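Welcome! Take a moment to look over the sequence and the 3D view below, and then we will walk through some of its features together.

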Amino acid sequence: MNRTILSNIAFFSMFALSIVFSNVSVAADKLLIDVEMPRMNVAEYHKPYVAIWLEDSNRKATQIALWYDLDMKDNEGAKWLKDIRQWWRRIGRSSQQPFDGLTSATKGPGKHSIVVDLTSKHLQSLPKGEYQLRIEASREVGGKEVVNIPLQWPVKSSDYPLSASGSTELGSIKVSID
Amino acid sequence: MNISTPIKALLSITMVMGLCFNASAHRAWILPSTTNLSGDAPWVTFDAAVSNSLFVPEHVPLRMKGLMVQDPNGKSIDVANPHTGKYRSTFDLNLLTPGTYKIGYASGGLRASWKDKDGKRKRWPGRGETANDADFEKAVPKKADSLKVSQSFRRLETYVTSGEPTTKVFEATNSGLELVPVTHPNDLFAGESAKFQFLFEGEPAVGVKLAIVKGDTRFRNDQNQLDLVTDAKGYVSITWPEAGVYLIEAEFEDDKAQAPATIRTGSYGATFAVYPQ
C-alpha cells in the first residue's frame with residue numbers, strides 16, 4: 001500500500017518536473033527549414049540535386065535531407081551524387097543512399113519545407129557547440145551553390161528564425177522553430 | 001630549355017618506351033575523365049600521352065604496353081577498349097569495386113650512356129629496347145668517353161576513386177620513387193594544403209624536386225609552375241592555388257648506387273584533380 005503511494009508520488013512528481021523542464025529548455029522539438037528553388041530562365045532545366053546537413057567545426061557532418069533522382073532504372077541517379085561536391089566529400093561517399101526518411105525526389109522551382117525532428121536519436125546525440133546548416137544544390141547542365149547558416153546546438157528558440165539567401169541555384173532559406 | 005631536335009626526339013621516344021623520363025622536354029601524363037565517382041560500378045575513360053601542352057595530345061601517345069591497373073584490393077585488373085592513336089592512347093575502366101584505383105607505368109634498372117671512338121653518343125638500352133640488367137656486361141664498354149651508368153627508375157601514375165577513398169594501392173613497393181599520401185590524392189580542394197611523403201627505394205627521399213603545373217597551359221602565357229622540394233623526412237606540402245587538373249613531376253638523384261652504376265635516379269609523375277570549395 002505504502003509502496004504504491006510512494007511510486008505514484010514519484011511518478012507524478014517526475015511528470016510535473018518533465019513539464020517544467022520542457023517549458024524551460026527543450027522548447028523546440030521541430031526545426032522547420034524552408035528552401036526556395038529559383039525559377040531558371042534556361043533552355044534545358046533539370047531539377048537540382050540538393051543536400052542539407054549539419055556540420056561542426058571539424059567538418060563532422062550529420063545528414064538532414066537529400067533530394068536526388070532516387071527512382072531511376074539501375075540506380076542511374078546515383079551516378080551524379082558526387083556532383084553535390086561538398087556533401088559528397090563529407091557524407092555521401094562514406095554512406096549508403098537513400099537515407100531512411102531523409103531522402104526524397106528532386107524538387108522544382110518554388111518553396112519547399114523540411115521538418116527536422118529534433119528528438120530523433122542521431123540529432124539528440126550531437127555534442128553541443130557551433131554548427132553550420134549547409135544547403136548545397138547542384139544542377140545538371142547548370143551551376144552549383146552552397147549556402148551556410150551558422151547556428152548553435154542544441155537550438156535555442158530565441159535565436160530563431162534564421163535566414164539566408166543563395167544567389168544562383170538557391171533562393172531564400174529560412175529556418176524556424178515549430 | 002635548349003635541347004637539339006634529334007635529342008628531343010630521342011628523349012620522347014625513350015619516354016614512350018618507358019625507358020627514361022625527362023620532365024623538362026616533354027611531359028608524360030595519364031588523364032582520367034574524372035577522379036571521383038558515385039553510383040554502382042561507374043566507368044572512367046582515360047587519355048595517355050606525351051606532350052608539351054597540358055593536357056593536349058599533340059606529340060606522341062603513351063603505349064598501352066606496360067600499363068598496370070590496381071583495384072582497391074591491390075589486385076591487378078584489365079582495362080577495357082584500349083586504343084592507341086596518332087597522339088594518344090585511350091582506355092576505359094569499370095570500377096566494380098568501391099575504393100581507390102591506381103593506373104600507371106613503373107620501370108627501372110641499369111642505364112648507360114657514353115661516346116664511342118668516333119665521338120658518337122651511345123646509350124644502353126638502345127632505342128626501343130627493353131633493359132635487361134643481365135645484358136649490361138656485354139652491351140656496355142668497361143671504359144669509354146663520358147661513360148655514365150645509373151640505376152634509373154621511372155613511375156607515372158594517376159588515381160581514381162569510386163565512393164570513399166582507400167589507401168591500399170599506396171602501399172610502397174620499395175622500388176624507385178614513390179608517393180605515400182598523408183592527404184589522399186583523390187581528396188584535394190583549392191585553397192587547402194595537401195601533404196605527401198616521397199620514398200626512394202623504400203627510404204624517405206630527401207630533396208626531391210617537384211614541378212607542379214596546372215592544365216590548360218595553352219590558354220595562358222605563364223606556366224605558373226610551382227617548384228617545391230621534399231624536407232629532411234621526404235615530406236612536401238602543396239597548397240593548391242585554384243581548382244583544376246595538375247601534373248606533378250618529381251625527380252630524385254643520389255650517388256648511393258651499386259657498381260657498376262654511379263648514380264641512382266628516380267622520377268615520379270602523376271595527374272591530380274583539385275576541386276573548387
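In this predicted model, strand β11 of chain B, residues 145-162, is largely enclosed by the rest of the structure, because 13 of its 18 residues are buried. A residue counts as buried here if 20 or more other C-beta atoms lie within 10 Å of its own.

Which strands pair with β11(B)? Strand β2 of chain B is one of them, strand β9 of chain B is another, and β19 of chain B also pairs with β11(B). In general, strands of a sheet pair through backbone hydrogen bonds, either parallel or antiparallel. The table lists these pairings.

| Partner of β11(B) | Residues in chain B | Direction | Bridges |
|---|---|---|---|
| β2(B) | 36-37 | parallel | two bridges |
| β9(B) | 99-115 | antiparallel | 16 bridges |
| β19(B) | 263-274 | parallel | nine bridges |

You can find an example of each pairing in the 3D view. Towards β19(B), B:Leu156 has B:Gly269 as its bridge partner.

Now step back to chain B as a whole. Its secondary structure comes to two helices and 19 strands. Of its 277 residues, 41% are buried. How does the radius of gyration of chain B fit a compact globule? A compact globule of 277 residues would have a value near 19 Å, and chain B has 19 Å, so the two agree. Along its principal axes, the C-alpha trace of chain B spans about 60 × 45 × 40 Å. Among the contacts in chain B with a separation of 6 or more, 66% are between residues 24 or more positions apart.

Strand β6 of chain A, residues 129-138, runs antiparallel to β7(A), and ten bridges join them. Within this pairing, A:Arg134 has A:Asn148 of β7(A) as its bridge partner.

Finally, where do the chains meet? Ten residues of chain A are in contact with nine residues of chain B. On the chain A side, the touching residues divide into three nonpolar, three polar and four charged.

How values were computed: Residues numbered from 1 in each chain as written. Chains lettered and ligands numbered in written order. Predicted model: local features only at pLDDT ≥ 70, side-chain atom pairs only at ≥ 80, totals over all residues. Helix = DSSP H or I, 4+ residues; strand = E, 2+ residues; numbered from the N terminus. Rg over C-alpha atoms; globule rule 2.2 N^0.38 Å. Buried ≥ 20, exposed ≤ 12 C-beta atoms within 10 Å, placed from the backbone. Contact = placed C-beta atoms within 7 Å. Nonpolar A, V, L, I, M, F, W, Y, C, P; charged D, E, K, R; others polar. Pairing = 2+ DSSP bridges.
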